[in-house]
Amino acid sequence: MTSIITPEAVGALRGALRGAVLAPGQEGYERETAAFNLAVPQRPALVAVAEDAADIAAAVRFAARHDLPVAVQATGHGAVTRVEGALLIGTRRMDGVSVDPATATARIEAGALLSQVIEAAAPHGLAPLTGSAPGVGAVGYVLGGGLSPIGRTHGYAADHVRALEVVTADGSLRYVDAVTEPDLFWALRGGKGNFGVVTALTVGLFPIVSLYGGALYFDGSLTGPLLRAYRDWSSGLPETVTTSIALLRLPPLPQVPEPLRGRFSVAVRVACLGDRDEAEKLLAPIRAIGEPVLDGVGELPFAAIGMIHADPVDPMPAWERSLLFQDLPDAVLDALAESAGPDAEAPPFVVEIRQLGGALARQAAPANAVGGRSAAYSLLVVGPPEPEELTSLVSPIGRRVLDAVAPWSTGGSLPNFQGAATSPKEVALAWPADVHARLVALKHRYDPAGLFRFGHSLV
């Protein structure tokens with residue numbers, strides 16, 4: 001049942017916030033609610049545009065008093081469910097980043113982008129564990145674990161969180177670290193947005209100014225040989241190297257490089273934090289498969305790390321899901337080539353295998369709730385959204401690919417890669433059973449009314 005909010009109540013909220021409060025139809029509402037995934041329109045009952053942590057606390061208290069569920073959005077990359085009837089807290093104006101070179105840490109506010117953290121750290125010869133797309137919000141990325149193109153060397157971004165500032169469902173602003181509220185500290189690092197609104201967090205940085213990496217793009221006719229070569233090659237790589245392989249169906253658009261425009265290709269991505277000559281020796285087995293149509297591997301300043309995956313930067317409609325694998329037997333690779341290769345009927349936009357293991361497999365100290373540590377590979381499928389009016393008749397293109405390989409998977413997925421898997425039963429698969437049980441218990445302790453229940457909710 002949708003709560004009825006009186007104009008007087010909305011006026012009181014406006015008086016309590018530094019930022020704006022917007023209702024449907026008001027100027028700025030569409031801009032503040034816009035999500036990156038155009039297939040998931042956001043139509044909340046109200047938008048609270050937060051200018052600071054006090055605004056967030058006031059908005060959460062208002063939502064609790066009026067029985068409004070709360071959604072949170074910075075860039076909109078994390079939008080996976082519609083938020084009708086909710087109070088949406090927009091954090092994009094809280095984008096401060098401060099770096100302490102003495103402790104090699106950065107304090108990052110709720111709306112800051114990963115690219116802003118990279119920019120702030122670079123003058124000090126430091127770098128964060130950014131994701132493949134530096135344009136996403138840093139806090140949401142970290143709360144879901146944070147898988148980096150250099151993750152096998154340094155682990156998940158959540159492994160390096162030192163402290164968090166969070167508004168919980170009771171409207172209080174808490175400082176959380178390993179000593180102060182250790183249970184909440186454990187849950188926030190990998191449990192996503194189930195426990196409150198993180199207004200800022202402090203993370204460790206690394207002395208990295210450059211790396212050797214990029215992507216080799218091959219013609220789609222080499223899909224089968226490349227998948228097998230990638231599997232054999234990646235299994236023997238040192239932890240200084242993190243890799244992925246992607247089957248790409250790129251559109252005929254001007255922003256796509258000409259050799260890839262409107263064609264099916266296979267990209268082998270690599271990031272190496274070691275010697276250039278050694279990196280090229282390690283890459284030789286992949287180069288031996290054939291001549292790439294585009295060679296984008298070389299020395300990169302860390303600020304250019306987004307070039308490795310070259311993720312989309314413009315909003316688009318999409319459906320995505322993922323699975324985890326302990327290994328990649330021939331049967332999986334054959335199923336991928338058949339269901340998502342160049343000869344498949346309407347293959348998805350992207351089918352990506354990311355290599356895990358290395359430091360990603362080791363639990364952080366102190367421990368956190370990041371799931372998927374025992375997996376060797378993550379498979380992500382991105383395709384067009386299913387037509388709503390034909391949901392019962394048409395299986396999404398991406399789902400057909402996942403169904404083809406699911407028998408060999410663990411059944412789980414990384415928290416940040418769950419995409420359209422939003423039911424509590426599906427969400428539970430992002431963590432081992434004991435971790436999930438502890439997360440649910442803490443959810444009931446810190447958010448007993450289920451105020452934060454959008455996206456990948458535990459309950």
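The lining of the second largest pocket divides into five nonpolar, five polar and five charged residues. Keep in mind that this is a predicted model. The space in that pocket comes to about 250 Å³. Of the 15 residues that line the pocket, the ones nearest its centre are Arg321, Ser322, Leu323, Gly411 and Glu426. Which helices and strands each supply at least two residues of this lining? They are strand 15, at 319-325, helix 11, at 397-405, and helix 12, at 424-427.

Now the protein as a whole. Its secondary structure amounts to 13 helices and 17 strands. The C-alpha trace spans about 70 × 60 × 45 Å along the principal axes. On the radius of gyration, a compact globule of 459 residues would be near 23 Å, and the protein has 22 Å, so the value agrees with that of such a globule. Of the 459 residues, 55% count as buried.

Next, the annotated region. UniProt, in an unreviewed entry, lists residues 39-208 as "domain: FAD-binding PCMH-type". That span is 22% helix and 24% strand, and its end C-alpha atoms are 37 Å apart.

Let me turn to strand 4, residues 87-90. It pairs with strand 2, residues 46-49, in the parallel sense, over four bridges. In that pairing, Leu46 is opposite Leu87 of strand 4. Strand 4 also pairs with strand 3, residues 70-73, again in the parallel sense and over four bridges. There, Ala71 is opposite Leu88 of strand 4.

Are the two faces of strand 4 covered or open? Both are covered: Leu87 and Ile89 are buried on one side, and Leu88 and Gly90 are buried on the other. Taken with the pairings, Leu87 is a buried residue that has Leu46 opposite, and Leu88 is a buried residue that has Ala71 opposite.

Where does Gly191 sit? Gly191 is in the loop between helix 7, at 182-188, and strand 9, at 197-204. Although Gly191 is in a loop, it counts as buried, because its relative accessibility is 0%, and the cut-off for buried is under 20%. Between the C-alpha atoms of Gly191 and Val117 there are 22 Å, and along the chain the two are 74 residues apart.

To go back to where I began, the second largest pocket has Arg321 and Glu426 among the residues nearest its centre, and strand 15, helix 11 and helix 12 each give at least two residues to its lining.

Note on methods:
Residues numbered from 1 in each chain as written. Predicted model: local features only at pLDDT ≥ 70, side-chain atom pairs only at ≥ 80, totals over all residues. Heavy atoms only, no water. UniProt positions renumbered as here; feature names shortened; annotations may be inferred. Buried < 20%, exposed > 50% of the residue type's maximum accessible area, 1.4 Å probe, protein only. Pairing = 2+ DSSP bridges. 1 Å grid on protein atoms, 1.4 Å probe; cavity = no way out; pocket = protein on both sides within 12 Å on 5 of 7 lines; lining within 4 Å. Points joined across faces, edges and corners; volume = space filled by probe spheres on them. Nonpolar A, V, L, I, M, F, W, Y, C, P; charged D, E, K, R; others polar. Rg over C-alpha atoms; globule rule 2.2 N^0.38 Å.
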